[in-house]
Amino acid sequence: MTEPHDRRRGETGPPAQHGRRRLIGLVAAITATVAILGTLGYFWFASLVPSTYSVMDLGYAEGGGDPTTGHAHGGLSIATLTGPDSRPDVAVTLIAREESYALASGERVTGYTVNHTSPGPLVRATVGQLVEVTLVNDDVSDGVSLHWHGVDVPNAEDGVAGVTQDAVAPGGSHVYRFRAEQPGTYWYHSHQASEEQVMGGLYGALVVDPRQPAAGQNDVVVPVHTYAGRRAAAGRTGTQRIVATPGDQVRLRLIDTDSAPLRATVTGTPYRVVAVDGRDLNGPTDVTDPAVVVAAGGRVDLGVTVPTDGKAVRLDLGAGSAVLVGPPSAADPGPRESAATLDLLSYGTPRPTELVTAAQHPDRTFELSVGRRPAFVDGRPGLFWTMNGHTFPDVPMFMVRYGDVVVMTVKSSSSQPHPMHLHGHHALVLSRDGVAASGSPWWTDSLEVENGQSYVVAFRADNPGIWLDHCHNLKHAADGMIAHVAYEGYTTPYRVGGSAGNDPE
């Protein structure tokens, strides 16, 4: 028998059967929708970051091979890990303001200053001296702090709002004290709302001289910063001259204060890379063609000799910024581009290093792998950075004990380079992409990891506390590319958010 045909719907069978089918389909669609929305709701809720929290409660503990390691709660407060309490050899007051100001080259900028300038005053000390810096917040509404980038200070002096101190509110002040232990080129910058404040100009240079400086050497500090698209060297855009006599030895201290790598070329004379991130290289040799790349947040010291042929030394810093070194009338040799890049992995002369031997049998072995994937972060959907496959706030905390030898593999598969900055320690580069370091020992605190690269580094855990290990592309850090190295037995009394409004990134 042929079933009746419903011409309106192109269906066959009794009307009741059609209704049941439609109801089942509707229930299935509603169930699937609820399941999808429920799943999205779960991930949305799980991604929410509390308005205030301790970094001790963030993410998960990585033991580096020690199965007994967990998140540390209780213990000694890092607020006790301060610098010496004695009469300082160098005492400086730095006043942070939010204002419109003029660069050294005359352009007007709206942002942040230190003592009414950007960059702020150069802080200079000699090895062994006790440095005391009083930070005063005149009117920066979000609060301020100062981090001593590359200086392995005691943890309470590290200047990270919400981790090692509370942000300094308008009208308030905070005193930092640390002994200058290691000669080199460093810098200071805000670590409160740092993406906005550092980009806006709240930074300055710090130089620690050796007890016996090199005789007859000129010293030029070149912090490089981009103000609203205008690249400046020491606060001056365009081409500037540094006066020096033919035959002079000049040390050019390059500081990359931006969030992207700095590519520098030298024309008119060979150059030597004499230091990286505040550590002198062993047996640097003359370089004539390759450019040198400075990681974001990193420092490279170049040694040059002013030529005697009537020309200046030209240092090109990209984006129309350059420095000429020589007599006032010395000819400009003109800009030059180089496709080649100096490879620090093989540059300089090898020298036995105790840590290389110790790293063959490390106490802790970690991996820090940077990636990117769709996710929710603090309730926002998007394409977010991952640390070991996890998005913020589920970030790793690498747990160590005092005296541990730590080996860490740092790699990126995120389509972008990442300048990874470990606070409070310098790491020794052991290899890159499986190729062992063969030049001078390369110590670093700001390591540019290109997409697809893998570095193996080692450091000794000899500076107790809770330390950030984050990307110094400050936008990346603000979006959650943050991990921590924490010593067992220590805790912090400070909280992100809260009444102080702490916002370290």
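How do the residues of the lining of the largest cavity divide into nonpolar, polar and charged? They comprise 9 nonpolar, 4 polar and 2 charged residues, where Ala, Val, Leu, Ile, Met, Phe, Trp, Tyr, Cys and Pro count as nonpolar, Asp, Glu, Lys and Arg as charged, and the others, Gly among them, as polar.

The structure is a predicted model, in which local features need pLDDT of at least 70 and side-chain atom pairs count only at pLDDT 80 or more, while totals for chains, interfaces and linings use all residues. Residues are numbered from 1 along each chain as its sequence is written, and side-chain values use heavy atoms, with hydrogens and water left out.

The protein has 505 residues, of which 54% are buried; buried means under 20% relative accessible area, exposed over 50% and partly exposed in between, with a 1.4 Å probe and protein chains only. Its secondary structure comes to 4 helices and 39 strands, taken as DSSP runs (H or I, at least four residues, for helices; E, at least two, for strands) numbered from the N terminus. Along the principal axes, the C-alpha atoms fill a box of roughly 110 × 55 × 50 Å. Of the contacts between residues at least 6 apart in sequence, 76% join residues at least 24 apart, a contact being heavy atoms within 4.5 Å.

An open sheet of mixed pairing is formed by 4 strands in the order E7-E6-E9-E11; strands pair if DSSP finds at least two bridges between them. Strands E7 (108-114) and E11 (173-179) are the edge strands, each pairing on one side only. From one strand to the next the twist averages 25 degrees, with axes as lines fitted to C-alpha atoms and angles running from 0 to 180 degrees between N-to-C directions. Strand E6 (residues 90-102) pairs with E7 in the antiparallel sense over 7 bridges, and Glu99 stands opposite Gly111 in E7.

Strand E26 (residues 364-377) has pairings of both senses. With strand E29 (residues 405-412) E26 runs parallel, joined by 7 bridges, and Leu368 stands opposite Val410 in E29. With strand E27 (residues 380-387) E26 runs antiparallel, joined by 8 bridges, and the bridge partner of Arg373 is Phe384 in E27. The hairpin of E26 and E27 has 2 residues between the strands, and Asp378 takes a positive phi near 50 degrees there. Thr386 also lies in E27 and is buried, with a relative accessible area of 5%. Leaving aside residues up to four places away in sequence, Thr386 touches Ser369, Val370, Gly371, Arg372, Arg373 and Thr391. The C-alpha atoms of Thr386 and Ser346, 40 residues apart along the chain, are separated by 31 Å.

Thr267 is located in strand E19 (residues 262-267) and is buried at a relative accessible area of 12%. With residues up to four places away in sequence not counted, Thr267 touches Ala312, Val313, Arg314, Asp316, Pro333, Gly334 and Arg336.

Pockets and cavities were identified on a 1 Å grid over the protein atoms alone: a cavity is a set of points where a 1.4 Å probe fits but cannot get out, a pocket is an open set with protein on both sides within 12 Å along at least five of seven lines, and lining residues have an atom within 4 Å of a point. Grid points are joined across faces, edges and corners, and a volume is the space filled by probe spheres set on the points.

The largest pocket holds about 440 Å³ of space. It is lined by 28 residues, with Tyr53, Phe392, Ala478, Asp503 and Glu505 the closest to its centre. Helix H2 gives the most to this lining of the largest pocket, with 3 residues. By class, the lining of the largest pocket has 15 nonpolar, 6 polar and 7 charged residues. The second largest pocket has a volume of about 360 Å³, and Val293, Leu344, Trp442, Glu448 and Tyr455 lie nearest its centre among 22 lining residues.

The search of the whole structure finds 2 cavities of 30 Å³ or more. The largest cavity contains about 160 Å³ of space, and of its 15 lining residues Met420, Leu422, Ala427, Val457 and Asp469 are the closest to its centre. E29, strand E30 (418-422), E34 and strand E35 (454-460) each supply at least two residues of that lining of the largest cavity. The second largest cavity has a volume of about 30 Å³, and its lining divides into 3 nonpolar, 6 polar and 3 charged residues.
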